[in-house]
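Trainee: Please take me through this model, beginning with the overall fold and ending with single residues.

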Amino acid sequence: MYVEQPFDELKVSSDKRRVAYFYDQDVGNYFYGTGHCMKPHRIRMTHSLIMNYELYKKMEIYRAQPATNLELTQFHSDEYIDFIDRVTPDNVHLFPREAHIFNVGEDCPVFDGLSEFCKISCGGSMEGAARLNNGMADIVINYAGGLHHAKKSEASGFCYTNDIVLAIIELLRKHPRVLYIDTDVHHGDGVEEAFYTNDRVMTCSFHKFGDFFPGTGVVGDIGIGKGKYHSVNIPLRDGIDDASYKSIFEPIIQHIVDWYQPSAIVLQCGGDSLSGDRLGSFNLSMRGHANCVNFVRSLRLPMMVLGGGGYTIRNVARTWAFETGICNGELLSKELPYNSYYEYYAPTYELDVRSSNMNNANSKEFLDKLLTQVIANLDHTKHAPSIQMQEVPPDREDLGDVDEDMAEAIDTKGGSQMSRDKVVEKEGEYYSDESKDKGEHNIFEHQHESATQAPRKDVPIITSEEVHAAVEDDTQAARILFEDEKAEIDALNRDQEMAEAA
Ligand SMILES: [Zn+2]
C-alpha cells in the first residue's frame, strides 16, 4: 500500500487565496532565559524575511487583540490562568505548590511578560479563527501560535496556553468538523487530549516516537467514546526524508479529508521536524516541510497555518517565510533579500534548508505497516451508523447521551462544543422542523452560536492598509513599523552570542 513517491520540485498553484497574517511586534521581545532553546525571536526573524520578500503586498497583515483571561478559560482552568497571570520571576518563590502543580520551572520557566506572551499567541490564533469563520480570509497565519503541548491546567514542553485548542473551539462555532494536522517533530499531545472524546475534531499527528518527549502518540491511540477513530497518530523514527514523509503524509491526509470531510483545517507547522534541528532528528529539507503546507492548501478548504517548535532558529525563519510564500501562491527565490537579521543566515545567505546524509530509520516495510494500520483504523467505522456523514450538528434525537456530553465538556472545557451549546439550548430551539430534509440541518444556516462566550470580535489593531500606506511613503518599507525593535535586537544578539560563547 505504501508507494514511495519521488520528491519532485514543489509546484504551487498560483490561484488567488485571501491570506490574513497575524503578527504582534512585541512577540520577539519575550525571552525564556539564557540557554533555553525556545526563542520567540525566531518569529521576528520570520517576519523580517516575510516583509523583505514583499509578501505584505499580497496578503493582509493584522495585529490581533491579545486574548483575555476569560477567553483563555474557555479551555484552561480558572486557577491555572489566574496563576499564569500573576506569577513573575520575582514572586514565583512565593508559589512553590502552584509552580509544582502547574509544572512551571525548568522546561517551562516563569519569564518576564509570560502572561502577555500567552495572550499574544492565543489572540492571534483566535482572531485568525474568527476571520476564517466570517469568510474574510481563506488562509490565516499565526507563527506565534501552534503551542500544542499546553494542557488544561498544566504547562508542558515550552507551552503554557494552548492557542490551537482555543482556535479550534472558535472554529467549531461555525464549522461542523475541523481537522487538525500536526507536523512538529513532537506529538501534538495537548490538542489530542482536549478533543480525545470528540467527533467534531479529528487530530492527526506525525511525530518522532521512541525515547522522545512527550512519549505519547502510538498508532493504537485512536480516541475514545464518541471520539473513537478521531485521533490519528503516525509515530515515526529518526531521519525521515522528504520522499518518505510526502509518501505517508499525502495519502493519510487525503484519506482523512475524503472520509471525514472537514470544513476547516488547522495545520501546525512546527519547524523542529527540519533537518539539523537542535532537538529534532528528522531529515526534512525546507521544501519537504513546505510540501505539507502546499498539499493542504491544494485541498482548497479554509486553512489556519500555525507555528510550533523549531530550535535552529535561522532554519525555522527560512522555512516559515517560504511557507508564507506558498500560502500566497508564490515560491520565494533562493536569494535572501537584505533583512534585519541577515548575519544569521551566513554562510550561504540563501533561503534554503537542505537535508543531510543521515540514515533514514523508517524502512519502506515499516512505513507500509504504519500506513496500512492507519488507513484500516479510518476505514473501520466507515459504514458504522454512529459516523453518518450528514451535516452536523445532527438531529436532536441523534445528539447522543447528553449527560455524557456534559461530563466531557466540564471535564475538558471546550472539549465538546456541542455539549457546551447544550447549556443554553432551549427545548426545540434547533431542528424541530421535521419537514426539513437533512441537507437543511446545516450549522451555517442556523448560526449556531456558542453560549459560554461571545464569539471573538474580528477587529484588527493594525490594518494592512496602514502597512501599505507606510510602504508607499517610504521605500525602506516594512522597517518603519519596526524601527524601535532594532536596539533590542542588537541587545538580544549580544546576549545570544554571550550565551553561546559561555
Ligand atoms: Zn516540537
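Mentor: The discussion below moves from the whole chain to the sheet, a helix pair and some loop residues.

Trainee: What kind of model is this, and how are residues numbered?

Mentor: This is a predicted model, in which local features need pLDDT of at least 70 and side-chain atom pairs count only at pLDDT 80 or more, while totals for chains, interfaces and linings use all residues. Residues are numbered from 1 along each chain as its sequence is written.

Trainee: How many helices and strands does the protein have?

Mentor: There are 16 helices and 8 strands. Both are DSSP runs numbered from the N terminus, with helices being H or I of at least four residues and strands being E of at least two.

Trainee: What share of the protein is buried?

Mentor: Of the 502 residues, 50% are buried. A residue is buried if 20 or more other C-beta atoms, placed from the backbone, lie within 10 Å of its own, exposed if 12 or fewer do, and partly exposed in between.

Trainee: And what share of the contacts join residues at least 24 apart?

Mentor: Among contacts between residues at least 6 apart in sequence, the share is 79%. Two residues are in contact if their C-beta atoms, placed from the backbone, lie within 7 Å.

Trainee: Now the sheet. What is the strand order?

Mentor: The order is β2-β1-β3-β8-β7-β4-β5-β6, in an open sheet of 8 strands with parallel pairing. Two strands pair if DSSP finds at least two bridges between them. At the edges are β2 (60-62) and β6, each of which pairs on one side only. Neighbouring strands are turned by 15° against each other on average, direction ignored. Angles in general run from 0 to 180 degrees between N-to-C directions, and axes are lines fitted to C-alpha atoms, for helices over the stretch in contact.

Trainee: Which helices pack on the sheet?

Mentor: Helix α8 packs on the sheet and touches β4, β5 and β6, its direction making about 170° with that of β5. Helix α9 also packs on the sheet, touching β3, β4, β7 and β8, and its direction makes about 175° with that of β7.

Trainee: Is strand β4 mostly covered or mostly open?

Mentor: Strand β4 (residues 178-182) is mostly covered, as 5 of its 5 residues are buried. Val178, Tyr180 and Asp182 point one way from β4, whereas Leu179 and Ile181 point the other way. In a regular strand the side chains alternate between the two faces of the sheet.

Trainee: How many bridges link β4 and β5?

Mentor: They pair in the parallel sense over 5 bridges, and Leu179 stands opposite Met202 in β5. Elsewhere, β3 (residues 139-142) pairs with β8 in the parallel sense over 4 bridges, with Ile141 opposite Val305 in β8.

Trainee: Turning to helix packing, at what angle do α5 and α6 pack?

Mentor: Helix α5 (residues 114-133) and helix α6 (residues 163-171) pack at about 20°, with their axes 8 Å apart. That angle makes α5 roughly parallel to α6. Angles under 35 degrees count as roughly parallel, over 145 as roughly antiparallel, 65 to 115 as roughly perpendicular and the rest as oblique.

Trainee: Which residues of α5 and α6 meet?

Mentor: On the α5 side they include Ser121, Cys122, Ser125 and Met126, and on the α6 side they include Asp163, Ile164 and Leu166. The residues of this contact divide into 9 nonpolar, 4 polar and 2 charged. Here Ala, Val, Leu, Ile, Met, Phe, Trp, Tyr, Cys and Pro count as nonpolar, Asp, Glu, Lys and Arg as charged, and the others, Gly among them, as polar.

Trainee: What separates the C-alpha atoms of Gln74 and Leu166?

Mentor: The separation is 7.0 Å, although the two residues are 92 apart along the chain. Gln74 lies in the loop between α2 (69-72) and α3 (78-86).

Trainee: Why does Gln74 count as buried?

Mentor: Gln74 counts as buried because it has 20 C-beta neighbours inside 10 Å.

Trainee: Next, backbone geometry. Which peptide bonds are cis?

Mentor: One of them runs from Phe213 to Pro214, with omega near -5°, and Pro214 is in the loop between β5 (201-208) and β6 (231-236). Another joins Ala346 and Pro347 with omega about 0°, and Pro347 lies in the loop between α10 (313-327) and α11 (364-380).

Trainee: What is phi of Gln261 and of Arg300?

Mentor: Gln261 has a positive phi of about 50° although it is not a glycine, and phi of Arg300, also a residue other than glycine, is near 60°. Gln261 is in the loop between α8 (242-260) and β7 (264-268), and Arg300 is in the loop between α9 (286-298) and β8 (303-306). Gln261 is partly exposed, with 13 other C-beta atoms within 10 Å, whereas Arg300 is exposed, with 11.
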